[in-house]
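Please check each point against the coordinates as you read.

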Amino acid sequence: MDPLRLLLPRAQAQPLLPLPAGVPAPSVRPRLVPRRRARRHRNGAARMLPASAVASESPWTEQDPASGEKEERFDWLDQWYPFAPVEDLDPGAPHGKMVLGIRVVAWYDRGAGEWRVFEDACPHRLAPLSEGRIDDKGRLQCVYHGWCFDGRGACKFIPQAPALGPPVHANSKACVASYPCVVQNKLLWFYPRAGPEHADVLRRKRPPFIKEIDDPSFVTSFLIRDMPFGYDVLAENLMDPSHVPYAHKGLFRGLPRLVDPEEYDKEGGVPMAVKVEESSVNGFASSQGPGYANFVAPCTYYGSPASKKSEKNKPHLMIVFIIVPVAPGRSRVMWAYPRNFGLWLHKITPRWFDHIGVNVVLDSDMYLLHLEVRSSHSPLTSWSVIPLDPIHAIK
């Protein structure tokens, strides 16, 4: 299965396996999710299939008929995804977000001293747990009927159940899906598979690690913003340095001019000296002049205008973008600029001030990208890894 096919709208999708010679392609569009009857509830709504159901039947490798070798493919569900910067999360309340088409809720488990990430739906009536609260015993409580869940997702209390009756709260159907999660580089990450076989995924695979973020000689603060266009559009834009002097004209004053305006133009656009040194399905590493840029799929893009081998005591600035697929036509970006200079200025500058400055830059991109996506007929203007509505789940 070609990883790019996961980004295609359903109407543009093609067969995932090669067809024998002479066999015409089927007229019925292929399914990106396995045919499985969706669970229906009392209100008639169908529940979205869990991410594990989609991943369990996906052929993530396929054989090249020419060479007979298996080609590595990218598994979108075997990855860590960032939820939010930890400094933006209140330990006294649950927080809901959508990532990769999955609605999740993060809350702080006081008993274990750890953050938890659950499916954002109470198993009783699918009320969003992100609208609930943390009760006096440190459990996540549903806002609708008061069901309470511990850090493992087990239901510990149902107020309406008779005290002397059967322990209905212990039924496995009363549990909430709990995803593996970890705090790393000042971000809360989660793994979008909740089965027991994935409970120890951290031993096998961790989120990308950037040492400068945790270096005590550096200062780092993450900011976050949702964008009204797809993950693919956002990723391509953030990795494109050549648009900066034009789309962001006048916003980066004080930067040294690299070319003679008589030979090029007054904005300062120059040929990009980019060399890809390593590349695979899992990302790439490149040099850009004296600096570098790395991408660890699917979310982490970071680099610096300075060389990796620059002296430790010299001023060093990094650029870190965390690119999050939210839903078709929706994405999220988290950004930070780790640096080992201007430490005192960082301490007295409020985060909202930095947010305002970067938002001006993002706004100058957003209008252009919105128009590009609206007028483009390219199949890469949205992605559909997992259906967002129950209708797609049951078709």
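This is a predicted model: local features need pLDDT of at least 70, side-chain atom pairs count only at pLDDT 80 or more; totals for chains, interfaces and linings use all residues.

1. Leu317, Ile319, Tyr337 and Phe341 together make a nonpolar surface patch of about 290 Å². Such patches are made of residues with over 30% relative accessible area and no salt bridge, where nonpolar side chains (Val, Leu, Ile, Met, Phe, Trp, Tyr) are joined within 5 Å and like charges within 9 Å. A salt bridge here is a side-chain nitrogen of Lys or Arg within 4 Å of a carboxyl oxygen of Asp or Glu, and accessible areas come from the Shrake-Rupley method with a 1.4 Å probe, with only the protein chains shown counting as cover for residues.

2. Residues are numbered from 1 along each chain as its sequence is written, and side-chain values use heavy atoms, with hydrogens and water left out.

3. Taken as a whole, the protein chain has 8 helices and 20 strands, where helices (H or I, at least four residues) and strands (E, at least two) are DSSP runs numbered from the N terminus. Of its 395 residues, 44% count as buried, and its accessible surface comes to about 21,800 Å², of which 55% belongs to carbon and sulfur atoms. Among the contacts in the chain with a separation of 6 or more, 55% are between residues 24 or more positions apart, a contact being heavy atoms within 4.5 Å.

4. Helix H4, which covers residues 231-238, is mostly covered, since 7 of its 8 residues are buried. The buried residues of H4 are Tyr231, Asp232, Val233, Leu234, Ala235, Asn237 and Leu238.

5. Which strands make up the open sheets? Two strands are said to pair if DSSP finds at least two bridges between them; E4 and strand E5 (residues 102-109) are joined in the antiparallel sense by 5 bridges, and valine 99 has isoleucine 102 as its bridge partner in E5.

6. Another open sheet of 4 strands, again with antiparallel pairing, has the order E7-E8-E9-E10. Its edge strands are strand E7 (133-134) and strand E10 (155-157), each of which pairs on one side only. Strand E8 (residues 140-141) and strand E9 (residues 148-149) run antiparallel and are joined by 2 bridges, with leucine 140 having phenylalanine 149 as its bridge partner in E9.

7. Cysteine 148 lies in strand E9 and is buried, with a relative accessible area of 1%. Leaving aside neighbours within four places in sequence, cysteine 148 is in contact with Asp135, Arg139, Leu140, Gln141, Ala154, Cys155, Lys156 and Phe157.

8. A disulfide is a covalent bond between the sulfur atoms of two cysteines. For this model the rule is a pair of cysteine sulfur atoms within 2.5 Å, and by this rule the count comes to 0 disulfides. Cysteine 155 is in no disulfide, and the nearest cysteine sulfur, that of cysteine 148, is 7.4 Å away. Cysteine 155 counts as buried at 4% relative accessibility, and cysteine 299 is also buried, with a relative accessible area of 1%.

9. Some details of the backbone deserve a careful look. Alanine 297 and proline 298 are joined by a cis peptide bond, with omega about 5 degrees, and proline 298 is found in the loop between strand E17 (291-296) and strand E18 (300-304). Asparagine 185 is placed in the loop between strand E12 (181-184) and strand E13 (187-190), and its phi is near 55 degrees, a positive value in a residue other than glycine. Lysine 186, in the loop between E12 and E13, has a positive phi of about 70 degrees although it is not a glycine. Asparagine 185 is buried, with a relative accessible area of 4%, whereas lysine 186 is partly exposed at 35%.

Note on methods
Buried means under 20% relative accessible area, exposed over 50%, partly exposed in between (1.4 Å probe, protein chains only).
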